[in-house]
Amino acid sequence: MKKVINCYKENNPVINKKLREVSVEEGLEVATELFQILNERKDGVGLTANQVGYDVRVAVVNIREPLILINPVITEQWDEINYYEGCLSYPNERVKTKRYKNIIIQTAQEESGWYFSGVETGNEGKGTWESAKKHDQELRLLESVCVQHEIDHMNGMTIMDREYKPEPIVSEKVGRNESCPCGSGKKYKKCCINK
């Protein structure tokens with residue numbers, strides 16, 4: 001059985017390559033092996049074929065339930081968020097990225113799209129699920145981010161390519177006798193924000 005290639009120590013010739021599409025049958029065979037690798041490792045929630053050296057558009061995700069992604073494509077995404085991600089190909093590395101809470105994907109093995117959402121659920125309902133609601137929301141968000149992460153791998157992108165480094169906000173300092181930026185028209189030293 002193959003193993004996850006540590007990109008810090010070993011060369012992985014397909015980690016930055018856009019992977020080739022496969023048949024559903026071939027995809028299911030590769031997915032079975034990917035699940036075996038994940039289960040043996042016990043330290044990941046998703047794995048894409050190129051992380052173990054295969055040039056095929058197949059990934060598995062196992063957060064709320066086992067999912068197989070064969071030739072997936074994101075068709076819609078909205079509600080951008082910041083997220084800290086790790087990757088089995090870059091052990092002990094955490095990177096701040098920009099992702100989406102909501103995505104819809106299309107896969108080769110399903111006719112309809114799959115919707116992943118990390119948004120809060122409504123408060124009107126009452127039931128036994130309420131105690132797990134916050135935990136479920138976190139799992140749904142993790143699942144949405146993980147699916148995006150694995151699809152990035154299939155397109156030759158890693159978390160290093162997605163790293164979000166916000167630019168520092170630089171504002172000019174207002175002098176004592178200049179007009180206040182609050183729009184009051186008063187001099188800065190006499191404005192309401194300095195009282």
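## Briefing: confidence, sheet and pocket

The protein chain has a mean pLDDT of 88, and 85% of its residues reach 70 or more. Over residues 126-131, however, the pLDDT is below 50. This stretch makes three contacts in the model beyond near neighbours in sequence. The model is predicted. Where pLDDT is low, the predicted coordinates should not be read in detail.

**The sheet**

- Three strands make up an open sheet, in the order E4-E5-E6.
- The pairing is antiparallel.
- Strands of a sheet pair through backbone hydrogen bonds.
- E4 and strand E6 (114-117) stand at the edges. Each has a single partner strand, so one side of each is left without a neighbour in the sheet.
- Neighbouring strands of this sheet are turned by 35° against each other on average, direction ignored.
- Four bridges join E5 and E6 in the antiparallel sense.
- Opposite Asn 102 stands Ser 117, in E6.

**The largest pocket**

- The largest pocket holds about 440 Å³ of space.
- Its lining counts 22 residues. Nearest the centre of the pocket lie Asp 43, Gly 86, Cys 87, Leu 88 and Arg 94.
- Strand E4 (73-87), strand E5 (90-106) and helix H2 (133-154) each supply at least two residues of this lining.
- By class, the lining has 10 nonpolar residues, six polar and six charged.

**Where the topics meet**

- E4 and E5 are strands of the open sheet, and each also supplies at least two residues to the lining of the largest pocket.

Methods
Residues numbered from 1 in each chain as written. Predicted model: local features only at pLDDT ≥ 70, side-chain atom pairs only at ≥ 80, totals over all residues. Heavy atoms only, no water. 1 Å grid on protein atoms, 1.4 Å probe; cavity = no way out; pocket = protein on both sides within 12 Å on 5 of 7 lines; lining within 4 Å. Points joined across faces, edges and corners; volume = space filled by probe spheres on them. Nonpolar A, V, L, I, M, F, W, Y, C, P; charged D, E, K, R; others polar. pLDDT = per-residue confidence, 0-100. Contact = heavy atoms within 4.5 Å. Pairing = 2+ DSSP bridges. Axes fitted to C-alpha atoms, helices over the stretch in contact; angles between N-to-C directions.
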